[in-house]
Every structure is written in structure tokens, then in C-alpha cells.
Amino acid sequence: MQKTSIVKKTADILFSYWTTMFAFVLLAGGAAVATFIENDFGTSTARVLVYNNIWYETVLVLSIINLIGIINRRKMWKQKAKFIFHVSFVVMLIGAGMTRYIGYEGIMHIKEGQTQSEMSSLEPFIQATIVTKEGKQYKAEFQKEFSAIGSNRFDYSIEFENKVLNLSLDSFQFAKKGSATMNLIGTKVTLGDQSQVTKLVGQRGQTSPVVRELKFKDGVTVYLTYGSKPLSIPFAIRLNDFQLDRYPGSMSPSSFASEITLIDKANDVEFDYRIFMNSTLIYGGFQFFQSSYDPDETGTVLSVNNDPGTIPTYIGYFLLALGLLMNMFDKKSRFAKLIRYSKNFNSAILVTVLLSLASVGANADTNNKPNPTLTYLDTYKKESLKTADLFAHLVMQSNTGRMKPVDSLTKDILNKLTRKNEFLGMNHNQVVLGMLSRPDVWQNIKMLKITTPKLKKELGLEESAKYVAFSEMFTAEGEYRLKNLINKVNSINANERGTFEKDVIKLDERLNIAYMVYYGYLFQIFPEPGDGQKEAKSTKWFNPVDAMNKFKPEDSKIIKLLVSGFIDNLVTAKYEESNKFIGLISQYQEKVGKNVIPSKSIIDSEVLFNKVNIFPKITLAYVLVGIIIFFVSFLTVFNKHWYSTKVNTAFFIILALLFALHTFGMGHRWYISGHAPWSNTYETLVYIAWSAMFAGLFFFRKSLMALSATVVMAGIFMFTAHLSGIDPQITNLVPVLKSYWLTIHVSIITGSYGFLALGAMLGFMSLILFIFRDSKKPHIDDTIKHITAINEASLIIGLAALVVGNFLGGVWANESWGRYWGWDPKETWAYVAIVTYAIVLHLRMIPKVNTPYIFAVASTLAFSTILMTYFGVNFYLSGMHSYATGDPVPIPTWVYVLTTLLFVVIAVAARKRNLSKLKL
């Protein structure tokens with residue numbers, strides 16, 4: 001009886017939701033900490049201390065045992081959707097275990113014309129080769145990964161000819177310089193009564209380990225290495241040709257591929273195959289992926305994977321997606337109950353306001369314009385419009401090889417120089433064209449933005465000055481006035497630079513841009529002609545100066561004629577004549593650069609896209625309308641007489657129109673770039689804002705409070721996208737992103753952020769309402785519960801999309817470089833976010849914490865994991881997802897302010913936190 005009682009108590013603890021939460025916290029917390037360990041101490045340290053450590057694997061197994069027990073106790077098989085979804089994790093863990101303990105990875109390097117049947121292991125080994133006096137060899141290897149933190153003790157013995165060679169750790173040092181790391185392993189080698197200490201140098205994935213040679217008495221020689229070991233495969237690969245394509249006129253790779261022949265003599269099989277990014281070779285249980293290539297482009301590096309866990313893992317992924325999909329349509333599911341509850345609440349159809357916003361014109365103070373130039377500027381402003389428009393439609397090549405209209409460059413230039421879209425009543429094309437044609441005038445116009453009083457004082461400017469002229473940045477002797485200052489600022493760490501130092505760097509950048517505009521260095525508008533009937537070997541386009549200096553004499557004369565005719569007529573204000581030369585330049589581009597020049601419709605579309613400038617206008621509309629709806633929704637909570645169906649319907653119509661414009665803008669950008677518009681930081685922020693609007697309009701449109709949260713979050717993300725540290729330029733894709741998986745994986749996982757952001761905003765709104773709770777106003781409690789129901793439904797959709805998108809990313813990773821999970825910081829934080837939101841949605845299973853207040857706090861704070869996944873990893877942690885990141889930047893002050901405000905609201909709301917749970 002007593003044994004039965006002990007077993008029951010043990011089972012109650014093991015299969016309780018408290019144990020679930022405990023395991024989840026350990027899994028998420030451990031993984032989160034590991035990303036910072038990896039950033040500071042290298043991947044191996046994170047693997048040794050967390051990912052591959054017995055404690056973490058024990059927690060994983062415990063969580064699955066706990067899950068199986070809960071499935072059994074709650075008889076989940078009676079609800080198919082819930083059962084399939086939860087069982088999928090058990091199947092996935094089985095697959096992951098097979099990958100971890102049975103599968104292996106390696107790297108195969110092959111030169112063109114060579115045949116290779118060996119690869120280097122990814123895992124590191126201490127390898128010892130003992131050579132006796134008679135020449136006999138004895139080999140031993142020990143898999144060992146070292147950590148920069150904690151003990152790395154090892155003690156290995158190798159028996160040979162009645163002797164024992166002992167290897168043990170004497171000392172360890174972890175060396176790091178920049179992003180490069182290395183292990184320095186002091187190894188004590190003992191043979192009989194003789195001991196020696198040598199230093200092994202190596203790390204995980206090092207394919208050419210350093211060999212140490214030790215001499216012992218009796219003629220015994222010991223060779224030691226640390227790093228990858230050679231692994232054989234049962235067939236051979238011959239590299240026939242390595243092919244690398246670059247973007248036009250750029251060193252950036254567009255794609256690279258290996259033309260190989262597989263030779264399996266044992267089975268009399270031989271065939272040719274093309275391996276390239278996102279296209280793998282599968283044969284004999286091995287998968288070969290295009291990983292990298294030699295700097296001289298004569299050899300390839302293939303990632304090789306033997307993973308028996310792929311099939312069960314993919315089955316788990318399928319069951320996961322199926323279970324989540326079925327759950328959405330299961331009338332008995334929690335999600336269906338929440339939707340019904342929110343529909344029954346007496347609230348309005350909602351939506352946001354469409355505002356017709358005009359760009360704020362940039363009218364410079366006439367005091368900033370040198371008087372002698374007033375006549376020129378006034379005439380030029382009126383008469384140059386057509387010429388500037390024709391100039392804007394010329395095609396140019398960016399430094400990364402993207403072909404685009406000159407309009408896109410001039411727009412960026414003016415914004416960089418003045419932080420405005422117009423200047424002196426002229427558009428960006430007119431301003432830049434003026435700088436290009438009359439540098440003598442424009443160098444004296446105050447147009448370089450300057451901000452800080454300290455820098456103004458350094459330059460001898462008045463404190464009220466907003467701009468400085470190019471000519472003012474040089475002394476009478478021609479010396480650059482920022483020369484010493486910029487050198488000093490550049491020596492300061494980026495995280496330690498203040499507003500003054502940043503302003504110095506920005507002004508220096510603006511000056512350099514202006515200089516390159518004056519001399520035409522930025523305008524790569526001339527493709528190089530071929531030799532006679534042959535096409536040009538290079539697809540690089542050149543600026544006028546380089547074209548005149550580097551092209552053949554006869555071609556150089558043509559360029560000189562075109563440029564001088566264009567500029568000279570501009571200088572003399574003969575705009576019609578100048579227009580003719582622009583037409584000739586356009587004809588030259590179409591004839592000589594026909595292989596890379598975009599179609600006229602794409603160029604026209606991009607010019608229109610720049611002119612409309614839709615996203616900044618939508619940003620302002622979202623913010624303003626969001627604030628209006630936010631206050632209106634709160635007024636209706638405190639005073640029901642403020643409620644108006646007509647007003648709410650008007651909000652909905654306006655929001656729907658804004659959303660349509662947002663969708664049009666994204667589609668327009670997709671058409672121009674030729675790829676889905678979520679491949680960089682700017683695009684994904686715009687897409688998250690779109691998904692937040694989608695969530696509110698299509699799922700929670702009957703709640704004015706939910707709609708206000710939707711549009712406010714959309715406005716916040718759009719505003720963030722247009723911060724100065726984020727580049728909105730349309731760019732080319734790196735090779736790994738040239739895949740349909742980009743559209744599928746990124747769209748789903750990034751779309752989930754919109755729903756989770758909506759949940760965070762609703763949680764914050766709930767906390768504010770908690771502050772105003774009053775026994776005389778019971779409708780506030782009803783509103784809180786209503787918001788909580790919508791919040792939970794939003795989180796269910798968001799978590800489902802996050803989980804599916806994350807695991808589809810695993811499929812992409814497996815199809816691209818041979819492993820579906822590698823604990824990269826980006827995927828690790830996505831995993832942390834998944835576990836965190838799983839905790840939030842399962843809090844209701846524990847009665848003591850199943851309250852609207854705790855759910856509001858949890859749903860708000862949980863969004864920090866999404867912010868870390870997106871911003872933290874992109875800007876502060878190193879990892880393979882850096883292809884979508886910018887340079888590390890200091891954390892803005894407003895982040896600390898908003899965080900403090902959030903915790904103040906949580907603390908104040910806690911005083912009136914006693915509110916019963918939802919009754920669905």
C-alpha cells in the first residue's frame with residue numbers, strides 16, 4: 001500500500017503541469033544563456049555546457065516523459081487534433097536522438113579534376129599515433145570538445161605491446177581575436193616513468209590539425225593532433241567543374257555550383273550531377289550540400305551528412321502541422337471557444353483611419369542660400385523638371401550589382417545629405433542633377449545636415465544652424481577641418497560613441513557623398529562595349545570618369561561626347577539639348593548593356609515607387625489613427641454613451657483601405673526586386689506590420705480595443721523600420737536566399753510576429769484597464785476578460801505559425817546545408833520564444849496562476865523573446881543568419897524608458913489584480 005502511495009505521488013509530480021513549467025523554464029533559459037556564451041566564448045563552449053550536456057538532454061527527456069504522462073492522464077486521444085499535435089513532439093525527439101547519437105557530419109574538399117572518397121569529420125578528436133622502434137603503428141582517437149568555461153579534464157590510456165601511454169590535461173587556454181577562436185590544449189603525455197607536455201592547437205571543424213611529435217625512450221614516437229579526423233565513404237566524388245556566377249559588375253556571388261560525377265564501383269554506378277545551394281545530392285544514405293568554395297574558385301567545399309533521424313523528424317513536422325491545422329477547425333478546441341466568447345461580447349466592428357498624407361516639403365531658409373545664386377536656383381527649379389525626370393529614368397548599377405534607375409540613388413543621396421525628401425523646393429533628382437552640373441554653386445549652399453551644438457561650436461557655426469556648406473568644411477589652405485576629429489572618433493568603440501561622435505561620423509559621410517556626386521563617381525551608368533561582334537566579358541558598369549579612362553580610345557571618345565554634351569548644355573541652361581543627350585545615353589545603355597538592363601516597365605515602376613513613397617506615409621497614418629482609436633476604445637469602456645456603430649464602421653473602412661495600400665506597396669516592391677519582400681531587416685519589419693494588421697482585420701475585427709492594438713503595433717513596427725539605422729534600399733539576394741523556402745519559411749515565421757505583437761499590445765491594454773478597475777464599473781472587468789480572450793486566441797494563432805515556420809526553416813536548413821538544427825542563435829531564440837509562449841498558453845492549466853492579470857503580464861513580457869529573436873540576434877549576436885542583419889548598434893535610450901514604463905504599469909496594476917478566470 002505504501003509502495004503504491006509512493007508511486008502515485010511520484011507520478012503526480014512527474015506528470016504535473018508544474019513539472020512541465022519547470023522543464024520549459026530550464027529548456028528556454030538554458031538555450032537563451034547558451035547564445036550569449038557562444039557569442040563570447042565560441043560554439044564549442046555553448047555545446048559543452050548546454051546543448052550537448054547531460055543535464056540539458058536529461059531535461060529534454062524529462063519533458064517528453066512528462067508530456068506522455070499528461071497525454072495519458074488527460075486521455076488526449078479522444079481529441080484528435082490535440083493528440084496529434086502533442087504526439088508530434090515525441091516523434092521529433094526520437095528523430096533528434098537518432099541524429100544526435102547515430103548520425104554524423106563532415107566536410108569534403110575537392111579540387112577541379114580530382115576524385116575524393118574521404119571527408120573530414122565535423123566533430124573534433126584527440127588523435128594519437130604511436131610508432132615503435134620497429135615501425136609498428138598503433139592508433140587511437142578520443143572525441144573531445146573543449147569549453148572556455150569550467151573543467152576540461154580528460155584522462156585517456158592507450159595500451160600497446162604491454163605498455164600504456166597516458167594522455168591527460170595539463171592546461172587549457174581559450175584564445176579569441178575578433179570572431180576567430182582557437183583552443184590551446186596543454187597535454188601531458190606519459191609513457192612508463194617518462195612524461196612530456198605538449199600544446200595541441202585546434203577546434204571543432206578544423207580540417208588540417210597541427211601535428212605534434214614526441215620522442216620517448218626505447219625508440220617510441222608519438223604523434224598527436226586535435227581537430228577533425230578523416231572519414232571514408234563507400235563511393236567517390238569527382239569534381240568536373242566549379243561554377244561561380246556573380247551579380248552584374250559586382251564581386252557578390254549570385255550562385256555557385258559543383259558539376260560532379262559520382263562513382264560507386266562496388267555497385268557499378270556512375271552518373272553526373274549538379275550540386276548547388278538548395279539542391280543536394282542524395283545517395284547511399286549520404287547527402288551532399290554546396291557549402292563553400294576555394295578563394296581561387298578552382299575547388300569546392302561540400303557539406304556531407306549521414307542522418308538516419310531525418311525521416312522520423314520530418315514525420316514529426318508533418319504531424320505537428322496537421323495537428324495545429326486541425327485544432328483551428330475543431331469546434332471543441334480552446335481556440336474555437338475563445339473565438340465564440342469574443343464574438344458574444346457586445347463591441348463594434350472596427351478599423352482604422354485613412355489619411356491622405358502629403359510629403360512635408362523641405363523649404364530651406366533663404367538666409368542659408370548665397371545671394372549670388374538666387375537667380376540661378378529660381379530659374380533652375382522651374383526649367384529643370386523634365387530634364388531631371390529623364391535623368392531619373394536612366395539605368396545604373398549599384399556597388400552590389402543591382403540594376404536600378406538613377407532615381408533610387410538620387411533619392412538616397414538627398415536623404416543622406418539633408419535628411420529630407422525635397423530641398424529648396426526641388427525634388428531629389430533636381431538637387432543631385434544641379435550638384436552634378438554646377439558644383440561651383442552647390443558647394444556653397446548650406447545643405448549638409450548637422451545636429452549637435454558641440455560640433456557646430458567646433459566648426460564655428462551658430463547654434464541655430466541646421467546645415468553646413470561643403471566649402472565650409474575646408475580651410476583657406478584646403479585642409480579638411482574634420483581630419484583630426486574623425487580619426488579620433490573612429491578609434492572609439494561604437495558602443496561608447498555619444499551623439500557628438502555620431503554626428504561627426506555622419507557629417508563626414510555626408511561630405512564624402514557630396515564629393516562623389518560633384519565628380520560623378522556614384523553614377524555607374526556606362527556598360528563597357530564588347531570587342532567588335534563579341535559581347536563584353538564583364539557585366540560591370542562604370543561611372544563617367546572611369547569609363548573615359550578605362551574604355552578603349554574609340555569607346556572613350558563616345559562616352560566623353562555623351563557626357564560633355566549632357567553636362568555642358570545643363571551648365572548653359574539649354575535643357576532641351578541636354579534632354580537629347582540623355583536620350584542618347586539611354587540608347588547606349590539599351591544597346592551595350594542589353595544582357596543586364598531591366599525592362600522599361602520595371603524601371604518605371606521603381607521610379608513610381610520612389611515618388612509615391614508609400615511606406616513612410618502609411619507609418620504616419622498608422623501611428624495617428626492608432627492613437628485615435630486607442631483613446632476612442634478606452635472612452636467607450638469608461639462611458640458607453642461614447643459608443644457609435646457608425647464611427648466604428650468608418651474606422652474599419654479606413655483601416656481596410658490603409659491595409660490595401662500597405663499590401664499594394666509590398667507587392668510593388670516584390671515586383672521591382674524580383675523576390676519576396678522579406679529578405680532584410682527593413683522588409684521584414686514592414687511585413688510584420690502587415691501581418692499585425694492582417695491579424696486584427698480578419699480575426700478580431702469585432703473588437704475596437706483589439707483593432708486599436710493592431711494598428712498601434714503596426715505603426716510601431718513601421719516606425720522602427722524607418723529609423724536611421726535601418727537601410728530601406730532594395731538589394732540583391734545572397735545565394736542561400738534564392739529559394740522558394742524564403743517565401744514559405746520567412747513569411748510564416750515573420751507573420752507570426754504580428755499575432756504575437758498584437759497579443760503583447762492587448763496584454764498591455766489589459767494592464768492599463770486593471771489600474772482603473774472599480775466595483776462601480778463592472779463593465780471594465782468584462783472588457784478585460786474580453787481582451788484576454790482575444791489575446792489568447794491571437795497567441796494561439798501566433799504560436800502555431802511560429803512553430804510551423806520555425807520547423808519549416810529546419811527543413812530549409814536541411815535541404816540547403818545538411819542539418820535541420822544547429823543551435824544557431826537565430827533558431828535558438830526562435831526555439832526559446834516557442835517554449836516561452838507554450839508556457840504562457842499553458843498557465844491556465846495551473847489554477848493558482850490562471851488569472852487574467854498573470855496572463856496579461858506573461859503575454860506582454862513574452863514578446864521580449866520575439867524582440868530578441870529579431871533585433872537581438874540580428875544586431876548583437878553572431879551567427880549564420882547575419883545575411884539579414886546590420887552592424888551592431890548601441891541600445892537606444894528609449895528602449896530603457898519604455899521597459900521601465902512597462903514594469904511600472906505592471907506594478908501599479910498588481911494592486912487590483914484579483915479578477916476571476918475566463919469561463920468559456
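Trainee: How far from Lys456 is the nearest side chain of opposite charge, and which residue carries it?

Mentor: First, the terms. A salt bridge is a side-chain nitrogen of Lys or Arg within 4 Å of a carboxyl oxygen of Asp or Glu. Lys and Arg count as positive, Asp and Glu as negative, while His and the chain ends are not counted. Buried means under 20% relative accessible area, exposed over 50%, and partly exposed in between (1.4 Å probe, protein chains only). Here, Lys456 is buried but has no salt bridge; the nearest side chain of opposite charge is Glu463, 7.0 Å away.

Trainee: What kind of model is this, and how are its residues numbered?

Mentor: This is a predicted model, in which local features need pLDDT of at least 70 and side-chain atom pairs count only at pLDDT 80 or more, whereas totals for chains, interfaces and linings use all residues. Residues are numbered from 1 along each chain as its sequence is written, and side-chain values use heavy atoms, leaving out hydrogens and water.

Trainee: Where is Lys456 found, and which residues is it in contact with?

Mentor: Helices (H or I, at least four residues) and strands (E, at least two) are DSSP runs, numbered from the N terminus. Contact means heavy atoms within 4.5 Å. Lys456 is found in helix H13, residues 453-458. Leaving aside neighbours within four places in sequence, Lys456 is in contact with Ile450, Thr451, Leu461, Glu462, Glu463 and Ala465.

Trainee: Which residue forms a salt bridge with Glu792?

Mentor: Glu792 pairs with Arg334, the closest N and O atoms being 2.8 Å apart. This pair links distant parts of the chain, Glu792 in helix H25 (residues 778-817) and Arg334 in helix H7 (residues 334-344), 458 residues apart. Glu792 counts as buried, at 4% relative accessibility, whereas Arg334 is partly exposed at 24%.

Trainee: How many salt bridges does a search of the whole structure find?

Mentor: The search finds 24. One of the pairs is Glu472 with Lys446 (2.7 Å, N to O). It links distant parts of the chain: Glu472 is in the loop between strand S22 (467-469) and helix H14 (483-490), and Lys446 is in strand S21 (residues 446-449), 26 residues apart. Arg773 and Asp781 also meet in a salt bridge, at 2.8 Å from N to O, and both residues are buried. Arg47, Glu123, Glu145 and Arg204 are linked in a network of salt bridges.

Trainee: Which residues make the nonpolar surface patch?

Mentor: Patches are made of residues with over 30% relative accessible area and no salt bridge; like charges are joined within 9 Å, nonpolar side chains (Val, Leu, Ile, Met, Phe, Trp, Tyr) within 5 Å. Accessible areas come from the Shrake-Rupley method with a 1.4 Å probe; for residues, only the protein chains shown count as cover. Val623, Ile627, Phe631 and Phe719 make a patch of about 380 Å². Helix H20 (residues 614-638) gives the most to it, with three residues, and Phe719 lies in helix H23 (residues 704-721).

Trainee: What span does helix H5 reach?

Mentor: The expected span of a helix is 1.5 Å times one less than its number of residues. H5 (residues 80-101) has 22 residues and reaches 32 Å from first C-alpha to last, close to the expected 32 Å. Its buried residues include Ile84, Phe85 and Val91.

Trainee: What about the chain as a whole?

Mentor: The protein chain has 28 helices and 24 strands, and buried residues make up 52% of its 920 residues.
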